[in-house]
Each structure stands twice: as C-alpha cells, then as structure tokens.
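The following exercises concern a single protein chain. Study the sequence and the structure, then work through each solution in order.

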Amino acid sequence: MAEVTLPVPSGMGNFIVGIIGMGDMGKMYARRLSSAGWRIMACDKEDQYEKLHEEFADRNNIQILRNGHLVSRASDYIIYSVEAAAIDRVVAEYGPSTKLGAIVGGQTSCKDPEIKAFETHLPDDVDIVSCHSLHGPKVDTRDQPLVIIKHRASDESLNKVEAVLRCLHSKHVYLTAIEHDRITADTQAVTHAAFLSMGKAWHSMRQFPWEGARYVGGIENVKINLTMRIYSQKWHVYAGLAILNPEARKQIDQYAKSVTELYKLMLGGHLDELRARVLSAKEKVFGGRDNPKWADKPLLQDEVLNQFSLGEPKLPGDRKPLPNNHLSLLAMVDCWSALGTVPYDHMLCSTPLFRLWLGVTEHLFRDPGRLDEALRIAVHDNTFRSDDLEFTFAARGWAECVGLGHFDTWRERFIVTQRFFEPRFPGAIEVGNNMVKAVLESTRS
C-alpha cells in the first residue's frame with residue numbers, strides 16, 4: 001500500500017469510500033484517497049470491470065466491483081463521479097441500493113441536476129454532502145478550491161466527509177448548490193466558451209495557430225495552450241456545465257452577443273464608439289484609476305508566459321509578430337460588464353483556467369498603450385478580419401447549441417475539432433501542464 005499521508009481519524013478505521021464512475025477524476029480520487037489509507041470500493045460500467053481490476057491490482061485497499069449496486073450497499077460515503085447529463089439515470093439505478101445511514105455526494109460540475117437526482121432517488125435515511133474539485137485530474141490538488149455542499153446532512157456526516165477529503169490538501173469552500181452553480185457559471189462557462197470558440201475558428205481555417213506570425217508571445221501562449229488543454233479532454237466535461245446550468249446559458253449567450261457587437265463596430269470603422277464601449281466596460285469590471293479592483297501585483301508576468309510556446313513561428317528575417325486586436329479578450333470584459341460580473345469576487349472558487357484567463361485579460365487592460373493599440377488595430381487593420389469572422393461564427397454557434405440544449409450537437413462540434421488538433425495533443429498537453437504549474441507557483445509567491 002502507498003504511504004499514508006494522514007492518519008485515518010479515530011472511529012473511522014472501517015470507513016469505506018465508494019466511487020461510482022472511474023473516469024479521470026474518479027481514478028484520481030481513488031488513488032489519492034487510497035494512498036491516504038482509506039479503503040475504496042469503486043466501479044464503472046460493467047464492461048470496464050476487467051480492465052479496471054487489472055489497472056488497480058497493485059492497490060490493496062482499492063476493490064473494483066462490477067456495478068454500483070455492490071458499491072452502494074457496502075460503502076459509508078458514496079461519490080458519484082459521472083457526467084452531469086447521466087447523473088439522474090445513474091442515481092435512479094443505484095441510489096435505492098444505498099447502505100442505511102450512508103452519506104452520498106457527487107463530483108459533477110453542475111449541481112442542480114445532481115441534487116435533484118439525489119432528492120428524487122435516494123432513501124430518506126441517507127445524508128447528502130456533495131463536493132467539486134475545481135480543477136482537472138492532472139492538476140496538483142494542493143491549495144486548489146474544493147467546494148463542499150452540506151445539502152441534507154448532520155454535522156457528524158459533514159465532519160466525516162471533511163476527514164476523507166483532507167488528504168487532497170485543497171482549500172475547502174462551503175457553498176449551497178445554487179451558489180455553486182452561479183459561481184461556476186461566472187468562472188468557468190464563459191471561459192470555456194472563449195477557448196472553444198478559438199479552437200473552432202482555427203479549425204475552420206485549417207490553422208495551427210503556433211505556426212503563424214499572429215499568435216506569438218505571452219497572451220497568445222495562454223490562448224493556444226489552454227485551447228489545446230480543453231480540446232484534449234472528454235467532450236462531456238464542458239457540455240454538462242454549459243447546457244445544464246441555467247446561469248451558464250445566459251452568460252454564454254451574452255459572450256456571443258459581445259463578440260458579435262464588437263465585431264460589427266470593427267467592421268463599420270467606428271473607433272470612437274468601440275473605444276468608449278470598451279473603456280466603459282473596463283471601468284465597470286476593473287475599476288477606475290483611483291479605485292482599481294485589481295491588485296498592485298499583476299496576476300501574470302510576461303517572463304513566465306513567454307516560456308511556453310508550442311513552436312517557433314516562421315518569421316522571415318527580422319519580421320516582428322503581427323498585431324492582434326484581441327477580440328476574444330475585449331468581448332470577455334464587455335460580457336462581464338453587461339452581466340455585472342466582477343471576476344475578482346470569485347477568486348476563492350476559481351479554477352486554474354479561469355485564473356489564467358483573467359490574468360491575460362487583466363494583462364491587456366492594465367497597459368493603456370497596449371489596449372489602445374488593440375482597439376486601433378481592430379478598426380484600421382484588416383489583415384485578420386477573416387479570423388475574427390470565424391471566431392464570431394464559432395461563438396454564436398456554441399451559444400446557439402447551449403441555448404437549444406443539444407448535447408448531440410455539442411458532442412459533434414467538439415469532437416470534429418478535437419480530431420483536427422489531436423496529432424498535436426501530446427506536446428501541447430506537456431507544455432500546457434508546465435505552464436499551469438509555473439503560473440500557479442508564481443501566483444503563490
């Protein structure tokens with residue numbers, strides 16, 4: 001057995017943690033909790049039993065079972081680590097088998113359908129304490145936000161869940177399910193929409209952005225690396241959060257509107273109107289000169305971000321990188337302004353992706369000269385007008401898909417672009433992981 005990192009609390013020596021759903025996050029939880037000395041019973045779909053049994057054969061305190069009935073009957077705390085779109089069906093099947101007096105929670109990114117499923121299908125004698133690690137399975141859990149939702153439970157049950165999860169060394173954040181969904185919409189939904197739209201636009205142009213002269217430098221490194229990071233994940237990771245969270249639908253729709261309206265101002269040559277709108281949004285989101293909402297120290301530093309490029313752009317001679325109007329960033333601040341969102345209010349619940357996205361947005365808006373240059377280029381430089389058109393189409397397409405609630409359409413849109421970038425994922429994931437690690441370390445110091 002792996003080294004025990006924390007002692008199992010007194011009275012919980014025979015406590016069993018059940019995990020239903022052994023995807024990337026389920027496996028991460030199983031490994032981390034078992035390494036801390038907890039006994040784990042886990043399952044996935046029955047056709048995965050043999051594969052999982054072999055994968056975890058060297059873990060003496062992880063027992064792979066054939067189905068959720070067996071996990072539910074034997075476990076004291078059951079975590080449903082399944083996609084949000086499937087939570088109701090899975091809980092309906094296995095929930096009635098839950099052990100008398102057990103605690104049940106879920107790891108979905110959208111708590112509204114999860115809590116409804118628990119309330120509908122679990123026995124009344126079961127306590128409900130949900131959680132959500134606000135990061136991906138490959139991110140170091142230390143100091144990352146871990147939301148804990150005491151929905152229907154005694155203090156004793158909450159204490160037991162806290163004891164189990166303490167080995168992750170994350171920062172516990174206590175919210176209701178409604179607060180969770182509103183905050184994740186603020187910090188994740190629009191962020192994902194921006195990266196999904198960039199990837200879709202590059203795919204439509206059959207373009208690997210790191211091979212050109214426009215996407216060079218710190219801000220561009222973040223855009224490219226995080227877009228690759230998102231498209232290297234499973235499609236449902238982002239679909240559930242966007243489609244099943246009512247707050248997220250509204251925000252993704254506003255982002256598409258902001259992109260479209262700013263693009264129209266660019267096309268019409270309305271520089272004064274564009275500048276006035278962007279500066280007004282800047283003041284609402286980031287504060288004025290005398291009362292800034294950002295900290296004295298920027299979230300991100302150029303010298304950190306410039307290290308993480310996916311390739312050397314082909315720039316003949318002494319040519320410099322081509323200018324960029326940063327439509328995706330201008331639209332983000334315009335969207336936050338329209339929604340009345342102050343991103344710094346949610347830093348305690350922010351994901352690494354959100355902190356990076358806010359960091360590069362802040363990076364542009366902190367420098368008046370850089371921001372004014374982006375606005376001037378937006379109106380007077382037509383070099384990449386077609387790129388911006390594709391980005392606008394992409395943002396509107398994702399918003400329409402979310403508004404209609406079409407999981408199948410989302411999956412197809414995602415997978416076809418994923419396949420385009422797939423040959424480049426191995427290098428991109430390594431660079432992206434190193435970038436996230438470096439940025440998180442720099443922001444801690």
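Helices (H or I, at least four residues) and strands (E, at least two) are DSSP runs, numbered from the N terminus. The model is predicted, so that local features need pLDDT of at least 70 and side-chain atom pairs count only at pLDDT 80 or more, while totals for chains, interfaces and linings use all residues. Residues are numbered from 1 along each chain as its sequence is written, and side-chain values use heavy atoms, with hydrogens and water left out.

**Exercise 1.** Locate Asp 143 and state whether it is buried, partly exposed or exposed.

Solution. Step one: Asp 143 is found in the loop between strand 6 (127-133) and strand 7 (145-152). Step two: apply the classes, in which buried means under 20% relative accessible area, exposed over 50%, and partly exposed in between (1.4 Å probe, protein chains only). With a relative accessibility of 34%, Asp 143 is therefore partly exposed. Step three: phi of Asp 143 is near 70 degrees, a positive value in a residue other than glycine.

**Exercise 2.** Carry out the corresponding analysis for Arg 206.

Solution. Step one: the loop between helix 7 and helix 8 (218-231) contains Arg 206. Step two: because its relative accessible area is 58%, Arg 206 is exposed. Step three: phi of Arg 206 is positive, near 55 degrees, in a residue other than glycine.

**Exercise 3.** Describe how helix 5 and helix 7 pack.

Solution. Step one: two packed helices are described by the angle between their axes and the distance between the axes. Axes are lines fitted to C-alpha atoms, for helices over the stretch in contact, and angles run from 0 to 180 degrees between N-to-C directions. Step two: helix 5 (residues 111-121) and helix 7 (residues 177-204) have axes 9 Å apart, at an angle of about 155 degrees. Step three: angles under 35 degrees count as roughly parallel, over 145 as roughly antiparallel, 65 to 115 as roughly perpendicular and the rest as oblique. Helix 5 and helix 7 are therefore roughly antiparallel. Step four: the contact (heavy atoms within 4.5 Å) involves Lys 111, Asp 112 and Ile 115 of helix 5, together with Ala 177, His 180 and Asp 181 of helix 7.

**Exercise 4.** Which residues does Ser 337 touch, not counting residues up to four places away in sequence?

Solution. Step one: Ser 337 belongs to helix 13 (residues 327-339). Step two: its relative accessible area is 9%, so Ser 337 is buried. Step three: Ser 337 touches Ala 281, Lys 284 and Val 285, not counting residues up to four places away in sequence.
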